[in-house]
Amino acid sequence: MKKPLIMIVDNEKPACAALEEVCLFSGYDVLCATSGEQAINTIADLIVNQNAIPDIFLLDYYMPGMNGLQLAGQIRGMGVRNPFVMFSGYLNDLDEEASADLIYQPMTFLRKPVEFNKLVKIFSE
């Protein structure tokens with residue numbers, strides 16, 4: 001049986017590595033990207049070369065260049081409808097902005113630092 005594939009996008013490499021470790025320990029395959037542009041290129045490569053897409057996306061909101069919501073919009077523009085988990089240390093503004101636009105749904109919000117037990121619970125849903 002194929003393991004679910006999770007894509008983590010966070011410009012902070014230590015945060016990405018910690019999330020990757022939790023996902024791998026929980027039995028998932030993982031792809032990491034440190035920018036929105038890198039994530040888009042990786043997704044495009046998966047679609048073209050492997051006819052695959054990540055089953056769930058873990059996106060940091062505050063990243064230089066392209067923030068998490070902009071990235072989510074670009075992923076939706078590629079025809080991908082799989083869920084997002086958006087995380088940030090500043091969720092109050094983010095909740096209102098993202099929940100107002102249904103293009104981003106389904107989306108779950110987590111506050112940084114991410115509580116790993118909450119993340120694992122989301123994966124099981």
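Residues 24 or more positions apart account for 63% of the contacts in the chain with a separation of 6 or more. The model shown in these views is predicted.

**View 1. The chain and its order of elements.** Five helices and five strands make up the chain. Read from the N terminus, the elements follow the order β-α-β-α-β-α-β-α-β-α. Of the 125 residues in the chain, 42% are buried.

**View 2. The open parallel sheet.** The five strands form an open sheet in the order E2-E1-E3-E4-E5, and the pairing is parallel. Strands E2 and E5 (107–111) stand at the edges with a single partner strand each, so one side of each lacks a neighbour in the sheet. From one strand to the next, the twist averages 20°. E1 and E3 run parallel and are joined by four bridges; in this part of the sheet, Ile 8 stands opposite Leu 58 in E3. Helix H1 (residues 13–25) packs on the sheet and touches E1, E2, E3 and E4. The direction of H1 makes about 170° with that of E2. Helix H2 also packs on the sheet, where H2 touches E1, E2 and E3, and its direction makes about 155° with that of E1.

**View 3. Strand E4 and its pairing with E3.** E3 and E4 pair in the parallel sense over four bridges, and Asp 60 stands opposite Phe 87 in E4. E4 is mostly covered, with five of its five residues buried. In a regular strand the side chains alternate between the two faces of the sheet. In E4, Phe 84, Met 86 and Ser 88 point one way, whereas Val 85 and Phe 87 point the other way. The residues on both sides are buried.

**View 4. Helix H2 and its buried face.** Helix H2 covers residues 36–50. At 1.5 Å a residue, its 15 residues should span 21 Å, and the end C-alpha atoms are 20 Å apart, which agrees. The buried residues of H2 are Gly 36, Ala 39, Ile 40, Ile 43 and Leu 46. Seen down the helix axis, these buried residues fall within an arc of 125°, so they line one face of H2. An α-helix has 3.6 residues a turn, so residues three or four places apart point the same way. The buried residues of H2 pack against strand E1 (5–9), strand E2 (29–33), strand E3 (56–60) and helix H3 (68–77). On the face turned away from the buried side lie the exposed residues Asn 41, Val 48 and Asn 49. Just after H2, Asn 51 takes a positive phi of about 50°.

View 5. In soluble globular proteins, nonpolar side chains tend to be buried together. The largest nonpolar core has 19 residues, of which Val 9, Phe 57, Leu 59, Leu 71, Ile 75 and Phe 84 touch the most other members. E1, H2, E3, H3 and strand E4 (84–88) each supply at least two residues of this core. H3 gives the largest share of the core, four residues. Apart from this core lies another, of 16 residues, which includes Leu 19, Val 114, Leu 119 and Ile 122.

Technical notes:
Residues numbered from 1 in each chain as written. Predicted model: local features only at pLDDT ≥ 70, side-chain atom pairs only at ≥ 80, totals over all residues. Heavy atoms only, no water. Expected span 1.5 Å × (residues − 1). Buried < 20%, exposed > 50% of the residue type's maximum accessible area, 1.4 Å probe, protein only. Arc of directions from axis to C-beta. Contact = heavy atoms within 4.5 Å. Core = buried A, V, L, I, M, F, W, Y, C linked by side-chain atoms within 4.5 Å. Pairing = 2+ DSSP bridges. Axes fitted to C-alpha atoms, helices over the stretch in contact; angles between N-to-C directions.
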